Amino acid sequence: MLTKTPLFVHFLAAFAIAAVLPMLLPSYVLATEILLFGLAVIGCNLLLGYTGLLSFGQALFFGSGSYFAGLMSIHLNLGIVPTLLITMALGALIAILVGVFAIRRAGIYFIMLTLAFAQLGYYIAFLAEPITGGEDGLLDIQRPALSIPFVAKFEFDSDFSFYALTGAIFIVVFVLMQRLVKSPLGTVLTAIKQNEARAEAIGYNVKLYKIVVFAFSGSVTALAGALYAFMLKFAPLSNIDLETSSQILFMTILGGLGSIYGSVLGSAVFLVASDFFAELWPRWMILLGLLLIFVMLYMPGGVSKSLEDLFAKISAAKDQRGKKP
Amino acid sequence: MIYFLMGVGLTIIFGMMNFVNFAHGVFYALGAFICYQVIQVTGSYWIGLILTPILIGAVAYILEKILITKLYRVDHAVQILITIGLMLIIREGILIIWGTVPKPVATPSILQGVIFLGDFVYPKYRLFIIAISAGIGLGVWYLLERTRFGITIRAGSENPKMVSLLGVDTDRLFALTFVFGVALAGIAGALLAPIRGADAFSGDEALGIAFVVVVIGGMGSFSGALLGGLIVGLVQSFTAILWPEGTKVMIYSVMALIILLRPNGLFGKA
């Protein structure tokens, strides 16, 4: 973790992920989902993996991201870049609000508070039917176009073009996040995770740092929610519910805490597995539940950690064989 | 009162075992379905009400033995996700057995109709729920505060190692506590079934409410759960008059407010 990998290596890696994914998967839609949930998982990992804050309310940021972006595309028609940037700013704002309240408490109360705020958001979205569509969700969302004046105008109507857009955003965010966690800020976050009292004693304003990381998490998660709404052309109420929160959390732990690469892996494993289970059986959630329990019990470090262990074992076995004459 | 009943099981399990049970809500839903099924078979609501906690307790006992017992020493995050997995499995199980359409449960004939209390008209069945919940509450209080079992449970929550060294079988103690807390959720489900019906998806809402009750009162505090239940009930009734759609929003707002003023909940320990 402490090794300094140059940023362009991460850039190449992200590019490779985005390029290879659709070749391995049956559809661009699934690949798009993996990348955008990967972003949401990175957002969750910033809190849990790097700072040690278990937020059970990530769906609040995800869901409000999809509502904001959807509403802007319907009422304002700003084009893709301003829409997404404003969504991220609003996501950060909501996250700061939640963060300011939630970080007053630690441990289980912190988890409960994030959960309560997410539920609050859910019921507000449910009630505000004239704006959000209530239970039916926000319908008729159009994907805004990217227009560069006098040069070109890109539309994202096809599955492929939308995947390309998501992929480009993914690469940018991925690299920025790698930069963030290796920055002095990221180091302080890790310090807070490892020993909060000490970080405080050294003189860091732990509360402020926690709020900042909430803001980052909120904006990245809102971005993912916005892309999801554009992908579906629809913002369902379920984007902001308990289940979305727990899914994002599960993907995060599945992929491995404190790893940006793991985040993408967690999202990929989860979505491919759900996709596979869903075709097997209408009651596929049972299998998902079993998978969840299995992973939690036997792979506490997540898939990426288990893979590392496996590689370590294989190479150790090779070494052993090499030593024998 | 019913909110108290939902919260108290959760708070006992958390307070005594330091275990966060996100499957608590689905046990509430399962309670309603078991009650429905028993009524289908025997035709009597009363048998349903008595058998439900026993059957739910049995389910909880088996789960404790094969799964929950491994989780006492792990992180809260892991407990939460595993119990969410459990929740998914039980909920989908309910859907497989009973289908996706919520099942109605009839109010027993003796409790149908209303009672006039001065100027107030009150449905008999709701009064019955209040009486039963109060009775159960008293029973739980007596059990925890006045019996040997209660003393060992409370001691076990303070220092499991020490209690175990003193010759108490803590594994058995924890199993009983878990079964007991879950059975309380099951009773709540069975009691509410004639009002709300048996709905597989009611678990999420019940879980949310149970957590609000417990967080308001302070995790692990019995009297806190009682007070939390009362507060949630009052907020619910008042908003139901003034702003019927907004009850949930108000409940969660009140919770956030209380946490801000009293970060440990009203009766919580740090």
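**Exercise 1.** Work out whether helix 2 of chain A is enclosed or open.

*Solution.* Start with what counts as a helix: a DSSP run of H or I with at least four residues, numbered from the N terminus. Next, count burial, meaning under 20% relative accessible area with a 1.4 Å probe and protein chains only. In helix 2 of chain A, 22 of the 24 residues are buried, so the rest of the structure largely encloses it.

A quick note on the model: it's predicted, so local features need pLDDT of at least 70, and side-chain atom pairs count only at pLDDT 80 or more, while totals for chains, interfaces and linings use all residues. Residues are numbered from 1 along each chain as its sequence is written, chains are lettered from A in the order written, and side-chain values use heavy atoms, leaving out hydrogens and water.

**Exercise 2.** Find where helix 2 of chain A bends, and say what follows the helix.

*Solution.* Take the angle between axes fitted to the seven residues ending at a residue and the seven starting there. At A:Asn45 that bend is about 45°. After the helix comes A:Gly52, with a positive phi near 80°.

**Exercise 3.** Decide how helix 5 and helix 8 of chain B run relative to each other.

*Solution.* Helix 5 (residues 124-146) and helix 8 (residues 170-196) of chain B pack at about 170°, axes 10 Å apart. Angles over 145 degrees count as roughly antiparallel, so that's what helix 5 and helix 8 of chain B are. Among the contacting residues are B:Ile132 of helix 5 and B:Leu191 of helix 8.

Methods. Helix = DSSP H or I, 4+ residues; strand = E, 2+ residues; numbered from the N terminus. Buried < 20%, exposed > 50% of the residue type's maximum accessible area, 1.4 Å probe, protein only. Axes fitted to C-alpha atoms, helices over the stretch in contact; angles between N-to-C directions. Parallel < 35°, antiparallel > 145°, perpendicular 65-115°, else oblique. Contact = heavy atoms within 4.5 Å.
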